Amino acid sequence: MDPENWQVTFEDQFEGTSLNSNNWGVGFGWGNTANNDDATVTSDNVIVDNGTLRLRTTHGGGGSNDVYQGAINSKNRQYFGPGHYFEAKIKMPGRTGLLPGFWSKPNSEAWPPELDFIELFQDGNDVYSDRHHAHCNVHWSTSGQPGDGSTHTHDPLTHDTGVDLTESYNVYGCAWHEDSIDFYFNGNYIGSRDGSSMMSAVEAGAPFYMMFTTHVNRIGNADLSQAWEEEMAVDWCRVWEHAPGSGTPSDGDTTDETEEQPEEETSDDAAAGRSIEISSANGDGVRYEFTASDGGIEIDSSTGSGQEWVSDDGIYGWGTTSTSTSQVDGFTFDGKITGFGQDAPVTVRIDGEEVDPDSFGPVDPADTPWDDGSSDTEDGSETDGETDSSTDETSDPESDDSTDGTSDNESGDGTDGTSDSGSDGTTDGTEDDQSSSTPPNRITFVGTGTHGEYTFTASGRVTENPDRGTLEGDEISGSTATGTLAWYGDIDSYRFDGRLRDLSLEGNAILLINGVMVDAEEIENQL
């Protein structure tokens, strides 16, 4: 969002020694207990300490009936709808079984909808995710009626912050626009939820009030065998209102080093913390790959089916979509997308906005973990002479000058990107010449975590690809090679003369020909 067009409409820096009753009441908006929560709210656990709100969660040692928490709400005092940006600077409590949150729901108490600006899920299964992953969420009813719990659904978003949220103060923000709900961490955009029916259902519940709470044993199991005390510390809370032309929204007295008002960035030149969502466009499982200019690619663990991966340097991401068009594979990245490849139609959204994946151009093989080598000439072409302009079995039969996606040859001559020995000037076809040179064409198979088997036959020689090292457990017999892929990232790469004459690939694997990801089934059908 542009700070020139937003102004602070609500702010509480928790000065003094008591809660400002114009802004907050103690408890949840509806009372002092909640479903699946062992803690009862008590005013003794709500402390205002000269600039910090301290919400204690305590266990006196007497079991589940001896758990108390401090919680506050702004119901009937401060409530807002679309066109507002909510944010707070918080240091989270750290203990298994605690679910601290800064969230919002309708002032009418109808549920759903609900907006979770930040929650920490400390279930004890993974200490890192318990304390580093920020969970955001949008709840609504698919009927569109506020309070219709029978059609409740939600669309969560998880962000790996890279910092221990229980050891430091961090700023959590949420912008509620007319057409999207955008989430921020320390001023950086981390993702959106923007379905039109969802937005209508959420808006139907407006206005919303805010809450700071800590559920106990809704997730995980807190140790109730001994006494303990934890604390959520809130430095400040504010709400901004969209007011075009209002000027700079705040002065130096209301900002600090941690907080920077985020700017909404929808272009490919946005710097960091951006999102890409990939889904099947027609119900096919799609293999895809992409690269980001500044790296930082991370998997959004709240999405996908577990068939997503990222290279160690964070520059390259790849995976296989679900066959459901509504199931997305989500990633975050820094900079802009510099290349994208897929073997079937996909829908791609950058920062919530649908884009044409072909607009990014192909992925540079040098940016992949399985770069299978470059061409054999300085100009990057695969041949050392005139290219045969005629088509063959692998060309597109509907066009005299089209390619089938297997070529990194940009001449548009209708070939499939491989070099036919003796017909296009690659070699002179003699046995001595073939034995003394490296075949010009490359074919590479990459495992994606499931068992795969392949075989292919070329019109000329087949050898190991010297750029990828020695093959283990795979076989080359004349012009035919066979092999298996046993694990994610398993790479088998070959060089060959001439053209492919036969190809069979079983299992979920990535196929690259001369560095370009191609659809194995399409190639099989054309041969």
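In which sense do strand 27 and strand 28 pair, and over how many bridges? Strand 27 (residues 346-350) is joined to strand 28 in the antiparallel sense, over three bridges. Two strands are said to pair if DSSP finds at least two bridges between them. Helices (H or I, at least four residues) and strands (E, at least two) are DSSP runs, numbered from the N terminus. The bridge partner of Arg-349 is Glu-354, which belongs to strand 28.

The structure is a predicted model, in which local features need pLDDT of at least 70 and side-chain atom pairs count only at pLDDT 80 or more, whereas totals for chains, interfaces and linings use all residues. Residues are numbered from 1 along each chain as its sequence is written, and side-chain values use heavy atoms, with hydrogens and water left out.

Strands of a sheet pair through backbone hydrogen bonds, and the pairing is either parallel or antiparallel.

The protein chain as a whole contains four helices and 37 strands. Of its 527 residues, 52% count as buried; buried means under 20% relative accessible area, exposed means over 50%, and partly exposed lies in between (1.4 Å probe, protein chains only). The chain exposes about 21,600 Å², of which carbon and sulfur atoms supply 39%. Accessible areas come from the Shrake-Rupley method with a 1.4 Å probe, and for residues only the protein chains shown count as cover. Among contacts (heavy atoms within 4.5 Å) between residues at least 6 apart in sequence, 74% join residues at least 24 apart.

A nonpolar core is a set of buried Ala, Val, Leu, Ile, Met, Phe, Trp, Tyr and Cys residues joined through side-chain atoms within 4.5 Å. The largest such core has 42 residues, and those with the most contacts inside it are Ile-90, Phe-102, Ile-181, Val-202, Met-210, Phe-212 and Cys-237. A second, separate core of 21 residues includes Ile-443, Phe-445, Tyr-494 and Ala-520. When residues up to four places away in sequence are not counted, the residues touched by Phe-212 include Trp-24, Leu-55, Ile-72, Ile-90, Phe-102, Met-232, Val-234 and Cys-237.

Strand 10 (residues 98-106) is mostly covered, as nine of its nine residues are buried. Nine bridges connect strand 10 to strand 18 (residues 208-216), and the two run antiparallel. Within this pair, Leu-99 stands opposite His-215 of strand 18. Strand 10 also runs antiparallel to strand 11 (residues 114-119), to which four bridges join it. Here Gly-101 stands opposite Glu-119 of strand 11.

The loop between strand 10 and strand 11 holds Pro-113, which is joined to Pro-112 by a cis peptide bond with omega of about 20 degrees. Glu-109 is found in the loop between strand 10 and strand 11 as well, and its phi is near 75 degrees, a positive value in a residue other than glycine. A further cis peptide bond runs from Ala-206 to Pro-207, with omega near 0 degrees. Pro-207 is located in the loop between helix 2 (196-204) and strand 18. Phe-14 has a positive phi of about 55 degrees although it is not a glycine. This residue lies in the loop between strand 1 (6-12) and strand 2 (25-26), and Phe-14 counts as buried because its relative accessibility is 2%.

Two further residues were examined individually. Thr-57 is found in strand 5 (residues 53-59) and counts as buried, because its relative accessibility is 1%. With residues up to four places away in sequence not counted, Thr-57 touches several residues, among them Asn-45, Tyr-68, Leu-98, Thr-214, Val-216 and Trp-228. Ser-302, by contrast, lies in the loop between strand 22 and strand 23 (308-310). Ser-302 is described as partly exposed because its relative accessible area is 29%. Not counting residues up to four places away in sequence, Ser-302 touches Pro-156, Leu-157, Thr-158 and Arg-193. The C-alpha atoms of Ser-302 and Val-328 are separated by 9.8 Å, and the two residues are 26 residues apart along the chain.
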